[in-house]
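Open the model in your viewer and keep the selection panel at hand. This tour moves from stop to stop, saying what to select and what is there.

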Amino acid sequence: MAVISIAILLTACNTTKTTTSSEVSQLTDILNRTVVNTPSELSDAMQTAEPGDIIYLASGTWTDVELKIEGYGKEGDTITVMPVEKGKTIFEGTSNVKIGGEYLHVSGLVFKNGYTETSSVINLQIDKDTPANHCRVSECVIDDYNPSERFDTDYWIEIYGKYNRLDHCYLVGKRNRGVTLAVRMKDERDRENFHRIDHNYFGYRAILGSNGGETLRIGTSHYSLSNSNTTVEDNYFEMCNGELEIVSSKSCQNTFINNTFYECQGTLTMRHGNETIVENNYLIGNGKPSTGGIRIINEKQTVRNNYLQGLTGYRFKGALVIMNGVPNSPINRYFPVIDSDMSNNLVIDCDHIQLCAGADEERSEPPSNCTFNNNVISNTKKSKVFTVYDDISGISFNGNILSPNIAYPEYQNRPEESGFTLEDITFTESNGLKTVQSNTPVGPITDRIRPNHSNTGVRWYPRVDYSIKFAEGKRVKVAPGENTIYDAMKELNEGDVLVLQPGDYLQTKSVKVNKAIRIEGPSVGPKPTITFQRSPLFALENGGSLDLDHLNISGSESDDYSGNAVIRTSRYSMVDNYILKVRNCDIEDLDVNHSFNFLKVYKNTFADSILIQNTTFKDVSGHILNMNKEIDDTGIYNVETVEIDNCQFENIGGSAVNLYRGGRDESTFGPMIWMRDSKLVNVGYDKRNANESAIALHGVQHAELTNLTIEDSRRINLHLIVGDPVIKLNTIEMKNTEKLQSNSKAFSSENVTNK
Ligand code: CA
């Protein structure tokens, strides 16, 4: 323990003016502070701490420390642990904290530049015998605190015990598998916990490409029929994109009130447990892909007075979703929806409301004794907002108002208009939100402040933007010659652009890419030509993303080995997602030996998106995009979205595209592909092309193949598995090409010819 430093005293008391009595008392206060510098000093201080004491953590970087904070305050007289100055005590390396006891308040911890080797970064229990009760964790920051292995699992925060509060925390940049914040209910002493989770800022969470990317989970299926009584209120969720469930409520009697979900890909899901209330929340998608709403499973759930705007998600991630259930369901499957209410919600420009969603042979029991009343649903573009997958006679509809273009929900002989009125809906707008006059209050009725990025989380830590941005940095000219790209790359920062002139660029060394970098040639005239000896030309490392524009890339100088690649991901797990863009390029002569790929990916790597436009690929012995390295069939895959526009593939030994997602897991959105206005000639015939296809889509969730010409090539191969995938083939002209193959007829096909 240490006496507080003079520097801090000087900061605390303004010495340039006469010292007032309150400043004197502040000074006395500071002189009596207990400041600890190490975990063992903290333990010692906690052992003698009395209710009402404050223990201060010294400023500085604490590396690889494992704090155990155990103490016993009293109601109204807590023991507080906090930094001398918020934002100046930083935990790095493998640091983590365990908190146990009663009436403790831990505040202002910052975790960054590291990860935890334990199950969680902040754990509200020290061990099985020492949970936290009546404790508060506030103003803590966990920022990009991830292990390098994508599928090593951890939580950022676990809450055990009862009557704990987590508030004003800022949690941003989780990338590996594992729930960001979990309320645990393993033991009796963790149930009926009445925890309060409020005013937190849940920032960007990257797409995981697997189950296990939830931002908040309360309970697990095993104890889901117990009450948790957790209240989640006044929180802000922004771009929490990990997986289908932003929130997975898996216990009874939880309350979600006045939270904002902003541009989140996913839904608030009542996955297990009953009697949960979801009201006065704001779910704002702004038309972003895969943004979802609120999903009901189980009994006695209430979804009322919510505001849903611009949500585009389909099926389980619709704006409002009522699921079908499994008769006599095992506890980990889908209990039927019974006695549940979805009323007085305001739904503006959302693409999908899904009733009896997930109906299939197993989920064969439709909702019963449910109500859908007084919702106001407006859409300026779309008429088919409702999708009805099974019998909706167990849902009573009353007093709902639809804008005139919206079609009623249809099911067999149901008098479809009953319970719905078509009306021109007039909105009043204030603070960017719409309100509507109606007989009963529709949309949020609370007078609470709507959570946003500035009134949640902490005030003293900068907001971090983890979206990948190209071309926002400096432009660096690179002259033709040997290894000039390799050399220039060393000096670059995130978002910088390499500007190439016409001429020849030979790389004798692989170019490592660990930032978002754009490499471009002149937009008119001859393209610069890049050749390379070592494979790959570009090695994507963790943090790397690549945008190639107006380049000619040739494999003519490549070493005579099999398995070369133009672009290759790390051979090891990449916890950062990447983006690849290739536009206006000519890629040729990748054929010095067999299995020369354009992009070569490894297991445990993930692309947020791959865009290929106006590009030709010619004389390639391997694959162009071969995204099939997750073969465990557990619902993991290698890329979220692929877009191919106006491209030519000629003399390609492997596939133009091979996407693979195996297994029956339903917790993700991808992979998705849009392939348009492109031509394939002699694609797929190399004897090493194991999937024997020019285009192979296995377990893909959304595919639109439009206006393609395919000549002298191997087949399109579709393997549809799970999740009602949307597969559309439109205007595909095949000549001397193998017949399309599919395990299922559940796709649409228009103007597809084969001569
Ligand atoms: Ca999940």
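**Stop 1: the sheet.** Select the open sheet of 9 strands, in the order β49-β52-β55-β58-β61-β64-β66-β68-β70, with parallel pairing. Strands are DSSP E runs of at least two residues, numbered from the N terminus; two of them pair if DSSP finds at least two bridges between them. Now pick the edge strands, β49 (511-513) and β70 (741-742), each of which pairs on one side only. Strand β49 runs parallel to β52 (residues 538-540), joined by 3 bridges. Zoom in on Val511: Phe538 in β52 stands opposite.

A word on the model: it is predicted, with local features needing pLDDT of at least 70 and side-chain atom pairs pLDDT 80 or more, while totals for chains, interfaces and linings use all residues. Residues are numbered from 1 along each chain as its sequence is written, and side-chain values use heavy atoms, leaving out hydrogens and water.

**Stop 2: the calcium ion.** Select the calcium ion with Asn211 (OD1), Glu214 (OE), Glu243 (OE), Glu243 (OE) and Glu245 (OE), which coordinate the ion at 2.3 to 2.7 Å. Donors here are N, O and S atoms within 2.8 Å of the metal (3.2 Å for Na, K and Ca); water is not among the atoms, so sites may look incomplete. Along the chain, the donors follow the spacing N-x2-E-x28-E-x1-E. Asn211 lies in the loop between β20 (201-202) and β21 (216-218), and Glu243 in the loop between β23 (236-238) and β24 (245-250), so the pair ties together parts 32 residues apart in sequence. Buried or partly exposed? Glu243 is buried, at 2% relative accessibility; Asn211 is partly exposed, at 32%. The cut-offs are under 20% relative accessible area for buried, over 50% for exposed and in between for partly exposed (1.4 Å probe, protein chains only).

**Stop 3: Arg315.** Go to the loop between β32 (307-309) and β33 (320-323), where Arg315 sits. Arg315 is buried, at 8% relative accessibility. Show side chains: a polar contact of 2.9 Å joins Arg315 to Asp724. Such a contact is a pair of N or O atoms within 3.5 Å; within protein, one must be able to donate a hydrogen and the other to accept it, and residues adjacent in sequence count only if both atoms are side-chain atoms. Beyond four places in sequence, Arg315 also touches other residues, including Tyr389 and Glu666 (contact means heavy atoms within 4.5 Å).

Note on methods
Helix = DSSP H or I, 4+ residues; strand = E, 2+ residues; numbered from the N terminus.
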